[in-house]
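Let us take a walk through this structure together, beginning with the whole chain and then stopping at a few places inside it.

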Amino acid sequence: MTSAWIDTHCHLDAPEFAADVQAVRARAAAGGVARCVIPAVAVAHFEAVKTLAHQLDDAYALGIHPLRAREAAPDALAQVQAALQASAADARLVAVGEIGLDYFAPDLAAPGPLRARQEQLFRGQLQLARQQALPVILHVRRSADAVLKALRQTGCTAGGIAHAFAGSRQQAGQFLDLGFKLGFGGAVTYARATRLRDLAKRLPLDALVLETDAPDMPPHWLYTPAGARAAGQPQGRNEPGELPRIAQVIAALRGIDSRALAEAAWANAMAALPRLAQIGGNTTCGPADAECGENGRLFFRVGRCGGFGQ
Ligand SMILES: [Zn+2]
């Protein structure tokens, strides 16, 4: 029996999927991935993520990624606000995201106008999320304390997901205290990721949501080492269909079966992004109906999107 999964972070609008997004989504559905959340990274992607979410029976988020602060227009915040308002009644809009702070990229981390711009965009989008009473999907890279501070200072209390969480146990606790869930994906599949694996093992089960961050963050079985890449072998493309196998790794770390993890992760995703429960059609496909990946409904659902890409 196949469990039902939600990939809470999956960039199906990325150019890597342009040629075969339907096949990618159908493969994921066949593996039991009932829903994908497609976060935007820039205003130019807003239409695409919304359209894809509707065509694929999935969900989306609207926001400007911190790495895209580099080219954000001067009125970018006003554009995000207008887009959020225009989609306010759309149940498939489940969050503001992907937003956050990236202090890994040297140009964005060094004190100066770019760092100030990403911080301004982040805080502005937190305020928009608050106005719209929407949760947020957070990009947190070498920035957990600054992100936590901004959440507290802006009074952004609708919660959401700290995606690709890689902070300390203490930082994890602070996100959980603010009502967030923590996103775990392909990074936990690497044996050397001892601290992350320890977190995935020891955090309360109600803290975790699952994600692939596809096409990025390949699990170890898709990873091409630097040497092989230098020799011309491409990096493996991650897909939402990898989620069940990634989940198996987390379930094994925790010593539970993957069905128990699926049920908990499903409930956690619904708690973090409550609008997921309002999307029509397949919402009965939850823990109580976990064999839905096999009963044909999902295949029919994806098959209906035959017009996509034309
Ligand atoms: Zn992302």
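The radius of gyration used here is taken over C-alpha atoms, and the rule for a globule is 2.2 Å times the number of residues to the power 0.38. Keep in mind that what you are looking at is a predicted model. For a chain of 310 residues, a compact globule would have a radius of gyration near 19 Å, and the value found for the chain, 18 Å, agrees with that. Laid along its principal axes, the C-alpha trace spans about 50 × 45 × 45 Å.

What is the chain built from? It contains 12 helices and 8 strands. Of its 310 residues, 47% count as buried. If you take the contacts with a separation of 6 or more, 73% of them are accounted for by residues 24 or more positions apart.

Now let us step inside, to strand β4, which covers residues 93-102 and holds V96. Is V96 buried or exposed? A residue counts as buried when 20 or more other C-beta atoms lie within 10 Å of its own; V96 has 30 such atoms within 10 Å, so it is buried. Setting aside neighbours within four places in sequence, V96 is in contact with A61, L62, G63, L84, Q125, L128, A129, L134 and V136. For a sense of distance, H45 is 51 residues away from V96 along the chain, and their C-alpha atoms are separated by 13 Å.

One of the contacts of V96 is L134, so let us go there next. L134 sits in the loop between α5 (113-132) and β5 (136-141). Although in a loop, L134 counts as buried because it has 25 C-beta neighbours inside 10 Å. Beyond its neighbours within four places in sequence, L134 is in contact with A95, V96, A129 and A158. L134 and V94 are 40 residues apart in sequence, while their C-alpha atoms are 7.1 Å apart in space.

Our last stop is a pair of helices. Two packed helices are described by the angle between their axes and the distance between the axes. Helix α10 (residues 243-254) packs with helix α11 (residues 258-272) at an angle of about 105°, and their axes are 9 Å apart. Angles of 65 to 115 degrees count as roughly perpendicular, so α10 is roughly perpendicular to α11. On the α10 side the contact is made by A247, Q248, I250 and A251, and on the α11 side by S258, L261 and A262. These residues divide into 5 nonpolar, 2 polar and no charged.

Key
Residues numbered from 1 in each chain as written. Predicted model: local features only at pLDDT ≥ 70, side-chain atom pairs only at ≥ 80, totals over all residues. Axes fitted to C-alpha atoms, helices over the stretch in contact; angles between N-to-C directions. Helix = DSSP H or I, 4+ residues; strand = E, 2+ residues; numbered from the N terminus. Parallel < 35°, antiparallel > 145°, perpendicular 65-115°, else oblique. Contact = placed C-beta atoms within 7 Å. Nonpolar A, V, L, I, M, F, W, Y, C, P; charged D, E, K, R; others polar. Buried ≥ 20, exposed ≤ 12 C-beta atoms within 10 Å, placed from the backbone.
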